[in-house]
Amino acid sequence: MRADAQRNYDLIVTAASEAIARDGAYASLEEIARSAGVGSATLHRHFPTRWSLLQAIFRGCVRNLAARAGDLHAAPDALDALTTWLHEVTAYATTTRGLADSLLNEPAEESDACGATLVAAGAPLLRRAVDEGSVRPDITMGDLMILANGISLAAQPMGAEKAEQLLTLALQGIGRQQP
């Protein structure tokens with residue numbers, strides 16, 4: 001991609017991310033183009049459909065969250081690293097209003113691949129916490145992702161603060177019971 005085309009692509013994705021956080025997955029494409037400082041034709045050249053734009057935003061977020069899990073793997077406290085990452089996953093899913101819903105209604109291959117990426121990224125954090133003895137060994141990363149996604153969907157009308165509160169409450173149940 002030429003440098004100017006890449007710049008326009010990045011501007012569109014940034015503007016779309018902000019618009020979706022504010023207005024939901026059905027934010028105006030015209031407003032997104034205007035915010036990015038490009039014409040509607042430029043937006044549609046890069047993203048012929050709303051779905052293709054949503055995919056780009058979602059894939060970018062998944063890459064960022066996976067990289068963040070890698071960064072947290074070296075944190076001194078394994079449980080803190082795991083819970084920090086789960087809070088970040090939940091906050092993103094909660095604040096990108098309607099993105100999760102609209103992606104759930106689209107082809108399963110894309111959301112399955114993104115889900116698998118997040119499960120794989122979080123698995124070393126969970127494994128470390130289990131090895132450290134701060135998380136029960138019967139907990140799976142798939143379970144934790146379902147929990148985080150469920151909380152984010154339920155808390156969307158109330159916002160990220162409520163999602164954080166609910167996730168904290170739920171995560172208190174993953175710790176080992178003291179005799």
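Leu-82 is found in helix H5, where helices are DSSP H or I runs of at least four residues and strands are E runs of at least two, numbered from the N terminus. This is a predicted model, so to speak a computed one: local features need pLDDT of at least 70, side-chain atom pairs count only at pLDDT 80 or more, and totals for chains, interfaces and linings use all residues. Residues are numbered from 1 along each chain as its sequence is written, and side-chain values use heavy atoms, leaving out hydrogens and water.

**Overall picture**

- The protein has 9 helices and 0 strands, and from the N terminus on its elements read α-α-α-α-α-α-α-α-α.
- Of its 179 residues, 40% count as buried (buried is under 20% relative accessible area, exposed is over 50%, and partly exposed lies in between, with a 1.4 Å probe and protein chains only).
- Take the contacts between residues at least 6 apart in sequence: 73% of them join residues at least 24 apart. Contact here means heavy atoms within 4.5 Å.

**The cores**

- Back to Leu-82: with a relative accessible area of 0%, Leu-82 is buried. Its C-alpha atom is separated by 8.8 Å from that of Arg-128, 46 residues apart along the chain.
- The largest nonpolar core has 30 residues, and Leu-82, Trp-85, Leu-86, Met-141 and Leu-144 touch the most other members. A nonpolar core is a set of buried Ala, Val, Leu, Ile, Met, Phe, Trp, Tyr and Cys residues joined through side-chain atoms within 4.5 Å.
- Two or more residues of this core come from each of H4, helix H5 (78-95), helix H7 (108-132), helix H8 (141-155) and helix H9 (160-171).
- Met-141 is in contact with Leu-82, Trp-85, Leu-86, Val-119, Gly-122, Ala-123 and Leu-126, leaving aside its neighbours within four places in sequence.
- There's also a second, separate core of 19 residues, which includes Ile-32, Ala-33, Leu-43 and Ala-56.
- As background, nonpolar side chains tend to be buried together in soluble globular proteins.

**H5 against H8**

- H5 and H8 pack with their axes 8 Å apart, at an angle of about 40°. Axes are lines fitted to C-alpha atoms, for helices over the stretch in contact, and angles run from 0 to 180 degrees between N-to-C directions.
- That angle makes H5 oblique to H8 (under 35 degrees counts as roughly parallel, over 145 as roughly antiparallel, 65 to 115 as roughly perpendicular, and the rest as oblique).
- H5 passes H8 in a right-handed crossing; a crossing is right-handed if the near helix is turned clockwise from the far one by less than a right angle, and left-handed if anticlockwise.
- On the H5 side, Leu-82, Trp-85, Leu-86, Val-89, Thr-90, Ala-93 and Thr-94 meet Met-141, Leu-144, Met-145, Ala-148, Ile-151, Ser-152 and Ala-155 in H8.
- By class, this contact has 11 nonpolar, 3 polar and no charged residues. Ala, Val, Leu, Ile, Met, Phe, Trp, Tyr, Cys and Pro count as nonpolar, Asp, Glu, Lys and Arg as charged, and the others, Gly among them, as polar.

**H5 against H9**

- The axes of H5 and H9 come within 9 Å and cross at roughly 145°, and the crossing is right-handed.
- Thr-83, Leu-86, His-87, Thr-90, Thr-94 and Thr-95 in H5 meet Ala-160, Ala-163, Glu-164, Leu-167, Thr-168 and Leu-171 in H9.
- The residues of this contact split into 5 nonpolar, 6 polar and 1 charged.

**H1 against H2**

- Helix H1 (residues 3-23) and helix H2 (residues 29-36) have axes that come within 8 Å and cross at roughly 130°, which makes H1 oblique to H2.
- The H1 and H2 crossing is right-handed.
- In H1, Leu-11, Ile-12, Ala-15, Ala-16, Ala-19, Arg-22 and Asp-23 meet Glu-31, Ile-32, Ser-35 and Ala-36 of H2, a contact that divides into 7 nonpolar, 1 polar and 3 charged residues.

**Single residues to look at**

- Ser-28 sits in the loop between H1 and H2 and counts as partly exposed at 34% relative accessibility.
- Thr-42, in helix H3 (residues 40-46), counts as buried at 14% relative accessibility. Leaving aside neighbours within four places in sequence, Thr-42 is in contact with Asn-8 and Ile-12.
- Gly-60 is in helix H4 (residues 50-72) and counts as buried at 15% relative accessibility.
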